[in-house]
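Reader: I am new to this structure. Please show me how to read it, one feature at a time.

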Amino acid sequence: MDTKIIFMAFFIINTLVSFVYPCLGQEDVDDKPLINPGEFDTLDVLSPASQEYNIYMLENLPPKYKTYLGTCADKMGPSGISECNEDVLREILTNKPVSRECCLMVVRAGKECYMKIRKFMFQLYQLKRFASQVSFKTNEVWNRCSAEVESPSSSHDHMT
């Protein structure tokens with residue numbers, strides 16, 4: 001019985017400490033890419049089963065959520081959702097920074113839209129294995145783009 005109490009106390013203390021100091025519970029891997037840059041281009045190769053998974057997932061999204069994601073994509077502009085989306089995924093997974101133009105599209109969409117699109121993307125079969133590892137990088141890309149777009153040297157650019 002005393003062993004159980006000690007274990008529970010240890011577990012609770014570790015849990016509380018990890019919430020207060022999350023960096024203590026993880027290796028410093030923030031600068032390491034999740035995949036090698038050469039592997040990025042193979043992510044879109046899908047088997048019939050993985051294609052079925054993605055189709056099933058898309059068909060079962062609530063209609064309001066699909067509409068919301070579509071609105072978010074529209075905010076990024078016509079090229080934003082295709083070219084820029086791929087560039088953002090590349091930065092999250094390989095650490096290759098997106099262009100300033102892409103940052104403008106990301107910021108134009110707004111943080112909530114950006115985060116929802118990322119969350120959706122990492123539910124797709126080919127990306128879901130990274131879902132638990134990307135929240136920090138997703139925020140990091142937003143923060144970098146936001147700072148870059150809002151810096152004084154960028155005051156000549158106009159966001160619509």
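Author: Start with a term. A disulfide is a pair of cysteine sulfur atoms within 2.5 Å. Here one joins Cys84 to Cys102, S to S 1.9 Å. Cys84 lies in helix α5 and Cys102 in helix α6 (residues 100–109), so the pair ties together parts that are 18 residues apart in sequence. Helices are DSSP runs of H or I, at least four residues, numbered from the N terminus.

Reader: What kind of model is this, and how are residues numbered?

Author: This is a predicted model: local features need pLDDT of at least 70, side-chain atom pairs count only at pLDDT 80 or more, and totals for chains, interfaces and linings use all residues. Residues are numbered from 1 along each chain as its sequence is written, and side-chain values use heavy atoms, leaving out hydrogens and water.

Reader: How many disulfides does a search of the whole structure find?

Author: The search finds 3. Cys72 and Cys113 form one, with sulfur atoms 2.2 Å apart. This pair links distant parts of the chain, 41 residues apart: Cys72 is in helix α4, Cys113 in helix α7 (residues 111–121). The torsion about their S-S bond is about -70°, so this disulfide is left-handed. Another joins Cys103 to Cys145, S to S 2.1 Å. Cys103 sits in helix α6 and Cys145 in helix α8, 42 residues apart. Number the bonded cysteines in sequence order, and the pairing reads 1-5, 2-3, 4-6.

Reader: Are Cys72 and Cys113 buried or exposed?

Author: Both are buried. Buried means under 20% relative accessible area, exposed over 50%, partly exposed in between (1.4 Å probe, protein chains only).

Reader: Which residues of α4 are buried?

Author: They are Tyr65, Leu69, Cys72, Ala73 and Met76. Seen down the axis of α4, these fall within an arc of 100°, so they line one face of the helix. The arc is that of the directions from the helix axis to the C-beta atoms. The general idea: an α-helix has 3.6 residues a turn, so residues three or four places apart point the same way. The face of α4 turned away from the buried side carries exposed Pro63, Lys64, Thr67 and Asp74.

Reader: What does Tyr68 touch, beyond residues up to four places away in sequence?

Author: Contact means heavy atoms within 4.5 Å. Tyr68 touches Glu112, Cys113 and Lys116. Tyr68 lies in helix α4 and is partly exposed, at 27% relative accessible area. Between Tyr68 and Lys116 there are 9.0 Å, C-alpha to C-alpha, though they are 48 residues apart in sequence.

Conventions. Helices (H or I, at least four residues) and strands (E, at least two) are DSSP runs, numbered from the N terminus.
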